[in-house]
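Read it alongside the sequence and the coordinates.

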Amino acid sequence: MNGLRRYLSAVWQVFRKDIQVEVRGRQGLPVMLVFALLVVFLFNFALQLSPGLQAGLTAGLLWVSLAFASTLGLNRSVSLEGENNALDGLLLAPVDRSAIFFGKTLSNLVFTLLVALVLLPVFSLFYDLNLLRPGLFLVVLLGQGAYTSLGTLLAALSIQTRTRDVLLPVLLYPLALPVLIAAVEASRGILAGTPLGDLRSWLFLLAACNVLFLAAGLMFFETILEE
Amino acid sequence: MKNKIDSPASARIEVRGLSKRYHYQPVLDGLDLTVNGGELCVLVGANGAGKTTLLRIVASLVRPDAGEVFAGGYTLAHGGPYRRQIGYLGHQSLFYSDLNAVENLTHYARLYHLADSADRVTQSIQLVGLSAHRTKPVRTYSRGMQQRLAIARSLLHDPEVLLLDEPYTGLDPEAARFLDERLRQLRAPNRAILIAAHRPQGLLSIASHVAWLREGRIAQHLPVTRLGEDPALSAYLKETA
């Protein structure tokens, strides 16, 4: 087996294991989903939004829900590896350790995209606005890609600390601010009917964040994990 | 740099000038140790002497502050190929509680790219006497059962270097006898075994050497047949019996 195939096989195995653990334990995705839906319900009743304001605010509320749900998922991803020191098992494997980063980023991304798939129709229903648009799917993919890759990197940083549950959001939210701003602005534009071409600066920023955080993971993940 | 060191005694552990500090407190201080292929060395020392730190460094789980580590013909810097030679059993099982024995071992077998992973997993589970429990989630296992499965995991890829940290913890007498027997079988010229043990008396019948870790260095390293030459080490072993 050549080097690249071995590497991709390790990425796949880490991803596969995370999915398998979730299917068996069902401790991550249901919590993320319930939390995200609760945010939708609470804001709907608390803000009593008028139709004129909805397009502007819905984008913000969507990303608040997705960001909070993703953070819950990332925390679960960290605690999973902390349990029985399972992370050591991954670190002992004869694979490039950045493969662990890519595998875990992929599984975290899949979980958040599944939450988004449920959330978008619910948002459409509650805020009387069609969120099922291809442009918005692209923004969610790019935004969640950047958010989860940064989150996975920071989760690795927090895994060996006693305050990891608190540390992750404290580190993640400020650093993810450019991603969230770009995602909200792009989503707002799409919901207001702006052509995708006019939103390219926000989309490029999201794409650049993806590249930047994935490259950071490739370069620093091993160093971050070593005691 | 990426090639295996060409040496007739490649299946060995060699540590030179190893140092490690935690919070400015030295744990290992210029430690030297060699365990050759065919040897089973028991690492003894008081609590906090640095036995676990040494094993975790050799297992590439902890980065040393200084020094060199060679194992199975590779250095730590080789990364993946180095880790392929290492079998490590730590204080915890390293398993995912919601997965069963087969799923956990298959996960590791795939990470090690073992060609015959399904057969190896089945044989490993059979060997540690857990066939009847193979489809139960690991969270339902007792401490001893988890330890047996962890032993199976550490041997799954047939490593040249075996690092066991207090392997008898949680084992009942029958499982402890099984481990004794397995370690006897595993002692071979193409394998070096290093076992950290706080109470090493039970291991002396199967060990070839004893290394005494004190104040961050190997204070004594003797074949078990010559333990009587060092009264201080003999006294320590009696104390911990």
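Of the 241 residues of chain B, 47% count as buried. The model is predicted. Chain B has seven helices and ten strands. Its radius of gyration is 18 Å, close to the 18 Å from the globule rule for 241 residues, so chain B is as compact as a globular protein of that length.

**Overall dimensions and contacts of chain B**
- Along the principal axes, the C-alpha atoms of chain B fill a box of roughly 50 × 45 × 40 Å.
- Take the contacts in chain B between residues at least 6 apart in sequence: 66% of them join residues at least 24 apart.

**Strand S9(B): burial**
- S9 of chain B spans residues 209–214.
- The strand is mostly covered, with five of its six residues buried.

**Strand S9(B): pairing with S3(B)**
- Strand S3 of chain B, residues 40–44, runs parallel to S9(B).
- Four bridges join S3(B) and S9(B).
- B:Val44 has B:Trp212 as its bridge partner in S9(B).

**Strand S9(B): pairing with S10(B)**
- Strand S10 of chain B covers residues 217–223 and runs antiparallel to S9(B).
- Six bridges join S9(B) to S10(B).
- B:His209 stands opposite B:Pro223, which belongs to S10(B).

**The turn between S9(B) and S10(B)**
- S9(B) and S10(B) form a hairpin, with two residues between them.
- B:Glu215 sits in the turn and has a positive phi of about 55°.

How values were computed
Residues are numbered from 1 along each chain as its sequence is written. Chains are lettered from A and ligands numbered from 1 in the order in which they are written. This is a predicted model: local features need pLDDT of at least 70, side-chain atom pairs count only at pLDDT 80 or more; totals for chains, interfaces and linings use all residues. A residue is buried if 20 or more other C-beta atoms lie within 10 Å of its own, exposed if 12 or fewer, and partly exposed in between; C-beta atoms are placed from the backbone. Two strands pair if DSSP finds at least two bridges between them. The radius of gyration is taken over C-alpha atoms; the globule rule is 2.2 Å times the number of residues to the power 0.38. Two residues are in contact if their C-beta atoms, placed from the backbone, lie within 7 Å.
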